[in-house]
Amino acid sequence: MARAVTQQRKIINTAAAWGVGLLIFFPILWTILTSFKTEAQAISDPPVFLAFDWTLENYSVVMERSDYMRFLWNSVIIAGGSTLLGIIVAVPAAWSMAFVPSKRTKDILLWMLSTKMLPAVGVLYPIYLLFINLGLLDTRTGLVIVLMLMNLPIIVWMLYTYFKEIPGEILEAARMDGAALKEEILYVLTPMAVPGIASTVLLNFILAWNEAFWTLNLTAAKAAPLTAFIASYSSPEGLFYAKLSAASTMAIAPILILGWFSQKQLVSGLTFGAVK
Amino acid sequence: MATQHSRSAARLMMAPAVVLLLGWMLVPLIMTLYFSFKKYLPLRGGDLGWVGLDNYVRFVTSSSFWPSVLATLAIVGGVLIITVVFGVLLAILLNQPMWGQGIVRILVIAPFFVMPTVSALVWKNMFMDPVNGLFAHLWKFFGAAPVEWLSQASLTSIVMIVSWQWLPFATLILLTAIQSLDSEQLEAAEMDGAPPLARFGYITLPHLGRAITVVVLIQTIFLLAIFAEIFVTTQGSFGTRTLTYLIYQRVLESQNVGLGSAGGVYAIILANIVAIFLMRMVGKNLDA
């Protein structure tokens, strides 16, 4: 009897959860479907769901017409470069805070977090002016630097959380065996830290890829990444639904796939360990 | 046990991150403060001298100030209510035994990974367009007149778009929190005959209190700063000019840097008020 009830409940739960899940996912699904329609089918009345002539034409049109590859390449360089640079700066800092903590470690961590709370618009003009004077406006270098600084607190925090879980006894054992600091880092810590570093890289690559304040305001034609490329569809090209959909699908597909791998890190990374 | 040697090594390793962040924080902040006390119009005469607190007064007395505060409150408040209420419900639902839980989770989380310009444009054109949007088809199907979402119901539209983007975040965090709830407690209450609503109100909700606070604080900081969603939809018209957008327009569109910088200082103060509460919670967790 009890089993029948749970079984019935499980069926209801499954139906409800799938219903809500599909509803939330629907705008993405609809965008992907529309990207394979012709422009006429994309705005047909009533709308067609699956029964249309599937075509790849929009993808080739988008790629030919608007230097899609350049925007994609800019996104890869900006997101990848800022993440890599951030990791290089953050690993030593997080390492020392996790393994050689001092009285001020907590204050430094909280202060780093507080810089993340600074609203970007509050410092828009100074950054804009500095970029003009340093020749960084509309360059990938400039955006790599700004996005690296923007995400540095998150990178330090995530790495600190991961490093802290590495037991300190292992280090002491290595030291007793006569390992030097360099060997300690290279052969003991690095292998244990790799998973944590990998998840940090993943989440910050996603955050940088999707960043849309600095990338919109500090780029024009040369260094614009995909966020700006899509924004250029706001009108009147946006009325070509099939092409807008193809462009959108190409901009979000890589990140959706990466994102599915980083679900778990998302919580600890974005709440700074406040929710476990 | 750390030796003097390893201490100084540690300091050296921390130095690049600390110095970079200190520069990233102080240099622009000091410049914003500096400009906020000046009449500074780069395209119309440049630096026109010190004006004291004039910019601060003019920013809050301009006719666009209060509407922008209201728009900001409406968007932040609306999105918070929707994401927290539906986030709690969704988290409870997703925590139940079911088939294909992993896939449902993926479906629910997906919007968070869509870049803001894409989600804003997809909603604007393919859903909210009064002629070809899916909503227009749906409305017509039920015999209603299509709504011009982004002009007639502009704030509602923005709240919908942004809620769609942030619901996954709230759900994921609340789900994580719910999974740490001791299920024996719930089962004991069920055996004692407590109805589902009472179990929710007396056990689940109090347990979620901390996670809800974190969601509210973090989202508030991000929501105060939303930009792309307005930039590609209404450009701040139809009552959707938030404080962030107003400052952006003052600084880059009308190039009134002094006035915009004063607005920027207000935005920084506002964000810091929220941040203080968040930092306290995070700090407490660091001790534990």
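At what angle do helix 7 and helix 9 of chain A pack, and how far apart are their axes? I looked this up in the model, which is predicted.

**Helix pair in chain A**

I read an angle of about 155° for helix 7 (residues 140-164) and helix 9 (residues 181-210) of chain A, with the axes 10 Å apart. Angles over 145 degrees count as roughly antiparallel, so I noted helix 7 of chain A as roughly antiparallel to helix 9 of chain A. The crossing of the two helices is right-handed.

I then listed the residues in this contact. Helix 7 of chain A contributes Leu147(A), Asn151(A), Ile154(A), Ile155(A), Met158(A), Leu159(A), Tyr162(A) and Phe163(A). From helix 9 of chain A come Ala193(A), Gly196(A), Ile197(A), Thr200(A), Asn204(A), Leu207(A) and Ala208(A). By class I have 11 nonpolar and four polar residues here, and no charged ones.

**Chain A against chain B**

I found 84 residues of chain A and 86 residues of chain B in the contact. On the side of chain A, helix 1 (residues 2-34) gives the largest share, 16 residues. That side has 62 nonpolar, 19 polar and three charged residues.

**Backbone check in chain B**

Most residues other than glycine have a negative phi. I noted Gln235(B), not a glycine, with a positive phi of about 55°. Phe238(B), also not a glycine, has a positive phi of about 55°. Gln235(B) sits in the loop between helix 11 (228-231) and helix 12 (243-253) of chain B, and Phe238(B) is in the loop between helix 11 and helix 12 of chain B.

Conventions:
Residues numbered from 1 in each chain as written. Chains lettered and ligands numbered in written order. Predicted model: local features only at pLDDT ≥ 70, side-chain atom pairs only at ≥ 80, totals over all residues. Contact = placed C-beta atoms within 7 Å. Helix = DSSP H or I, 4+ residues; strand = E, 2+ residues; numbered from the N terminus. Nonpolar A, V, L, I, M, F, W, Y, C, P; charged D, E, K, R; others polar. Axes fitted to C-alpha atoms, helices over the stretch in contact; angles between N-to-C directions. Parallel < 35°, antiparallel > 145°, perpendicular 65-115°, else oblique. Left-handed = near helix turned anticlockwise from the far one by under 90°.
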